[in-house]
Every structure is written in C-alpha cells, then in structure tokens.
Amino acid sequence: MGANLDDIREGFTPTPNIDTVSPSLIPDRDETEPHFNPIPNQTPNQYDKQFAYVQRLVPPPCASYAINSGEVAPRSVTMRIEVGEVFPSKKQLQLQLGSYCLANRFQIRVFKSDTTRYQVRCIVEDCSWKMSAARVQNSDYFQIRKFYNHHTCSTEARFPHQRQPSARVIGENIKDKFHDHRLYKPKEIVHDMQREFGISCNYHKEYRARHIALEEIQGTPAESYSILPSYLYMLEQTNLGTITYFHAYSCNRFMYMFFCFKACIYGFLSSIRPVIAIDGTFLTGPHRGVLFVAVCMDGNEQIFPLAFGVGESETNEGWEWFLYRLHKAVGEVEDLVIVSDRKNSIITSVEKVFPNSFHGACAIHLQRNMLAHYGKNKTLKRYFERATRVYRESQFLQLMEQLANINSEAAQYVTAVRFDRWS
C-alpha cells in the first residue's frame, strides 16, 4: 500500500527552522492548535516492540476530541491581502488571493512568478490594481510588499466569464459547508457558485473542488495512515482491554493493522454462540487494500462485530496474520465454528490457526459462485435455497435430485463441498 509514513513526518516533528523570519511577523505557535508531546522512553504497544521508533503522540489532559464525529476543528484564517501580511508559502498566498478575487468579483493575470517573486495585476490591461509579493529571505514564507487596491476599470470588464477560478480556490471557499452539510454534492456546488459569485463551472471542476475541500477538513489518506500508531494507542488507553496490532515494512510503509474492542471480546465470550463469520472486502481510495472482518450474531439475530483488520490483499499470509491475532484475542473457544467462503487462502489459514474448530462453507457464497459459473438460473437458485433450509433428509435428497436434473455440473459443484459443511 502506497502510504509512506516518512512522507508526512512533519506532523510528528517540530517545525523547520525559520530563524530568518522576523519574530514580529511570524508567531511562534498558533495557540488555537492542540499541542502534542511524545512520551519519552516508552513503547505503548507491547506487541509491536520492533516498531518502537514510530513516535506516539498523546494529547494533554485538558484536550478533548470527538473521535467518532469525523470532523476536524476549523482553524481560523487571519491572513489578509494587505501590505506586510506574511503567508507560510507561495501556494497559500495564491489560494488566499484567489479567494479574495472571487469574493470581490474580479480576475487577475500573473505578471511575474518564480521562487522569489509573485506579481499579479488586474485582468484589464489599463487597470491600476496590482500586487507584489516576495520571499522572506531564505525561508518559504512570502510577504506582500506592494498592494494598490484600486480598480480603474469597469465591473463588467474585470469579471468576464471566459476564465474561471481554479478547483483549489473553489474548494477553499466551500470547505466550511461540509461541517453542516456532509453530503454536499457537486451539482449543489455548481448551483451555489452561480448563485453566490455569478460564475458557471462544469461538474468535473466542482467534483475536484469537493475532493480538495474534504482533504482540507478531514486530511489526506496518507496522513491518516501516518497517525494509525497513535490512534491505536489511544484506543488502548480509552478502552482498557482493547487489543491492537500494527505492523509495517522495514522501509516504514504500512502493512497490517488489527483491533478488537474489549467490549466485543467480553460479549462474544459471555453471551454469543461460538460461531464466527469471516470475510474480506476491497478498500477504495488511492491506497488499495483489504478490510478483514470477523462478526457473529446475537440472540436477536443481529450482527455483532468482533474484530477488524486491514492488509494488502487476501493472501495466505494476510489471512494467517489476521486469524492469528483473532486467536490471541478470543483464546481457545470450545466447539468453535468458523463460517466463510471457499477461498483457498481462508481454508489454509483456518486449518493452521484454528485446528480444533469446525470450518463451514457459507451457503450464500456457494449459491453466488454456482450461479456465476453455471448461469443465473432462477429455478436453479430456488431449488438450492430450499435445499439449504429443509430439515428432513428425504426432502433434501429430492431437492438435490431436481437440482441435478436442471444442471448436473452445478449439483456436482455444491456436492463437492460436502453437505455437512454447508452453513
């Protein structure tokens, strides 16, 4: 998986040296941000001593976080377009200037732009509006040096429709709406940009703007992978008895993760029948992978979550790693039954990790595989469903005979699994 913990280590390390920047212009630290301190000489997770070099962060006692809300506290933006204002980077200056132009309904053209200078003017040739910014000595900071905020052109001339703001500028302007409107769709963004700013943008640009805004609020997937060790550590501290594992490559790239809450372990061992269903599903997003899931059913026939894991793919190594951690969490359970599909990697791993358990084949997966191989025949599907639910042997044999008459190869396929393993 492509999330590299080293790529975003800035979140775990102090700010780079900016001694060359004037202290009066650059604050030492934003007091609105939570301050994190690493725990020295301590490895929080006893099961992953080989990853002690991954720095764990814990918030101070006075800090509170809504882990389940999915929201990040908005950071107040105090940067303005005026002489003397300092921006952390040229990119931040461009974003702030783009928002300023969008709010004041005019467009600009870049006059000079390089690593040390950034000069823009109004899009109208003879207009006197212009701004000039330069890099602060040897740092990444940019400061506005000159700013003539007076237009000598008409409103119609400075805001034509042939040019549009970038997706990043639109994303910066709509990100606050995601706190109250979590399902903010691109079509709604198109409508709001037309209503609020009088500009017409296509669907694809608004889709990119929505993606950029969500990254600003929730962070990028790579940043999420980088804080997994800290997140798992906080799970252990706030849910005593919770079991977590984290495994990475030697090059500090994510490989496996596992967690099982104490409440789920206690509920399974005390109140749930000893039947565990396991399966995996593909993850979407820029960093592909597989989500491993182990669930049960409670007395009300509702799904009871037991354990979760994330890995690269459904290989023998991946399933064996997940099932071994699951075995460590629940221990040796008497008369344990594990239900899954007929994937060879699962069969091999269950036999190795849970040798004393009974491994059953999920009838739903059997039905789907049978229909995928031998055609989506409704009659074939109906007879198989009835065969999995009857209680008399005579009725079962009769249904299987009818199934064979419809498609003998399909009947042979489900028979090869062995009837005693149908679940």
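The model is predicted: local features need pLDDT of at least 70, side-chain atom pairs count only at pLDDT 80 or more, and totals for chains, interfaces and linings use all residues. Residues are numbered from 1 along each chain as its sequence is written, and side-chain values use heavy atoms, with hydrogens and water left out. Five strands form an open antiparallel sheet. A search of the whole structure finds 12 aromatic pairs.

- Strands (E, at least two residues) and helices (H or I, at least four) are DSSP runs, numbered from the N terminus. Two strands pair if DSSP finds at least two bridges between them.
- β3 (86-87) and β4 (108-113) stand at the edges; each has a single partner strand, so one side of each lacks a neighbour in the sheet.
- Strands of a sheet pair through backbone hydrogen bonds, either parallel or antiparallel.
- β5 (residues 117-122) and β6 (residues 130-135) run antiparallel and are joined by five bridges. R121 has K130 in β6 as its bridge partner.
- Helix α1 (residues 90-103) packs on the sheet and touches β3, β4, β5, β6 and β7 (142-148). Contact means heavy atoms within 4.5 Å.
- The direction of α1 makes about 10° with that of β5. Axes are lines fitted to C-alpha atoms, for helices over the stretch in contact, and angles run from 0 to 180 degrees between N-to-C directions.

**Aromatic pairs**

- Rings of Phe, Tyr and Trp (its six-membered ring) pair if their centres lie within 6.5 Å; planes under 30 degrees apart count as stacked, over 60 as edge-to-face and the rest as tilted.
- W129 and F147 form an edge-to-face pair, at 5.6 Å centre to centre and 85° between the planes. W129 lies in the loop between β5 and β6 and F147 in strand β7, so the pair ties together parts 18 residues apart in sequence.
- W129 is buried at 0% relative accessible area, and F147 is buried at 15%. Buried means under 20% relative accessible area, exposed over 50%, partly exposed in between (1.4 Å probe, protein chains only).
- The rings of F292 and F322 are stacked, because their centres are 5.5 Å apart and their planes at 25°. This pair links distant parts of the chain: F292 is in strand β11 (residues 289-297) and F322 in helix α9 (residues 316-330), 30 residues apart.
- F292 is buried at 1% relative accessibility; F322 is buried at 0%.
- Ring pairs join Y245, F258, F292, W319 and F322 into a cluster.

**Charges over rings**

- R325 lies over the face of Y245, 5.1 Å from the ring centre. For such a placement, NZ of Lys or CZ of Arg must be within 6 Å of the ring centre and within 35 degrees of the ring normal.
- R382 has its charged end over the ring of Y383, 5.8 Å from the centre.

- S340 is found in strand β13 (residues 337-340). S340 is buried, at 1% relative accessible area.
- The side chain of S340 makes a polar contact with that of H359, at 2.6 Å. A polar contact is a pair of N or O atoms within 3.5 Å; within protein, one must be able to donate a hydrogen and the other to accept it, and residues adjacent in sequence count only if both atoms are side-chain atoms.
- Not counting residues up to four places away in sequence, S340 touches I278, I346, H359, G360, A361 and C362.
- Q96 lies in helix α1 and is buried, at 17% relative accessible area.
- Q96 and V169 are 73 residues apart in sequence and 8.0 Å apart in space, C-alpha to C-alpha.
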